[in-house]
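Okay, thanks for coming, everyone. Let me put the model on the screen, and then I'll walk you through the parts I looked at.

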Amino acid sequence: MQHFEFEDLLAVPFVDGGRSIETGLDCWGLVLVCFERAGIILPDYQIGCFEAVSIDAKIAEQRPFWVPVSAKTVPALVVMRFNQVTLYNHTGVTLGGGRFLHTDAKKGVHVDRIDHPWWKRHIDGFYVPGRDAACRIS
């Protein structure tokens, strides 16, 4: 894995279904952009951000294709339970140095600390696409 540029993504507004840094990103849109910058093209699932049950189901379905890694791996997918403690419904990307990038409706794209007590309770783990994942290396 490799580092990627992300500073131009900071403060990009949150948009449900957003896939463009010009118009806005949702959490999966941000993951797509970050991984693409690191040379990995991920599939786009097109699930609305507020469809928590569908997001949780897709994460469960895709989990066999993702390999658990250390939070130090950059980029790695950060899987979280955001707002609902029973469902996995939020994602972000590790940046290294104990930080991760994600987006929400209030702040847009921003950086938080992995070791912050609130996030420690909500982060499920860190993952990279496995050999059988539906992605390609550019």
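This is a predicted model: local features need pLDDT of at least 70, side-chain atom pairs count only at pLDDT 80 or more; totals for chains, interfaces and linings use all residues.

Let's start with a definition: two strands pair if DSSP finds at least two bridges between them. Helices (H or I, at least four residues) and strands (E, at least two) are themselves DSSP runs, numbered from the N terminus. Residues are numbered from 1 along each chain as its sequence is written, and side-chain values use heavy atoms, with hydrogens and water left out.

On confidence, pLDDT is the predictor's own confidence in each residue, from 0 to 100. The protein chain averages 89, with 91% of its residues at 70 or more.

Now, back to pairing. Strand β6 (residues 90-96) is where T91 lies. On one side, β6 runs antiparallel to strand β5 (residues 77-80), joined by 4 bridges, and V79 is the residue opposite T91. Strand β7 (residues 99-104) is also antiparallel to β6, with 3 bridges, and there T94 stands opposite F100. The β6 and β7 hairpin has 2 residues between the strands, and G97 takes a positive phi near 65°.

So how covered is β6? Buried here means under 20% relative accessible area, exposed over 50%, and partly exposed in between, with a 1.4 Å probe on protein chains only. By that cut-off, 7 of the 7 residues in β6 are buried. T91 counts as buried because its relative accessible area is 6%. For contacts I take heavy atoms within 4.5 Å. Skipping neighbours within four places in sequence, T91 is in contact with C27, W28, V31, L77, V78, M80 and H102.

W28 is on that list, so let me follow it. It sits in helix α1 and is buried too, at 12% relative accessibility. With residues up to four places away not counted, W28 touches R19, L42, P43, D44, Y45, W66, L77 and T91. By contrast, H3 is 25 residues from W28 in sequence and 19 Å away, C-alpha to C-alpha.

Next, the packing. A nonpolar core is a set of buried Ala, Val, Leu, Ile, Met, Phe, Trp, Tyr and Cys residues joined through side-chain atoms within 4.5 Å. The largest one has 27 residues, and L9, F35, L42, L77 and L101 touch the most other members. Two or more residues each come from α1 (27-37), α2 (52-62), β5 and β6, and α1 gives the most, 7. Apart from that core there is another, of 10 residues, including V78, M80, F100 and W119. As for L101, its contacts beyond four places in sequence include F6, L30, C34, G92 and V111.

Last stop, cysteines. How many disulfides does a search of the whole structure find? Counting a disulfide as a pair of cysteine sulfur atoms within 2.5 Å, the search finds 0. For C34, the nearest cysteine sulfur is that of C27, 12 Å away, and C34 is buried at 0% relative accessibility. The sulfur of C49 has C27's as its closest, at 5.0 Å, so that is too far for a bond. C49 is buried as well, at 14%.
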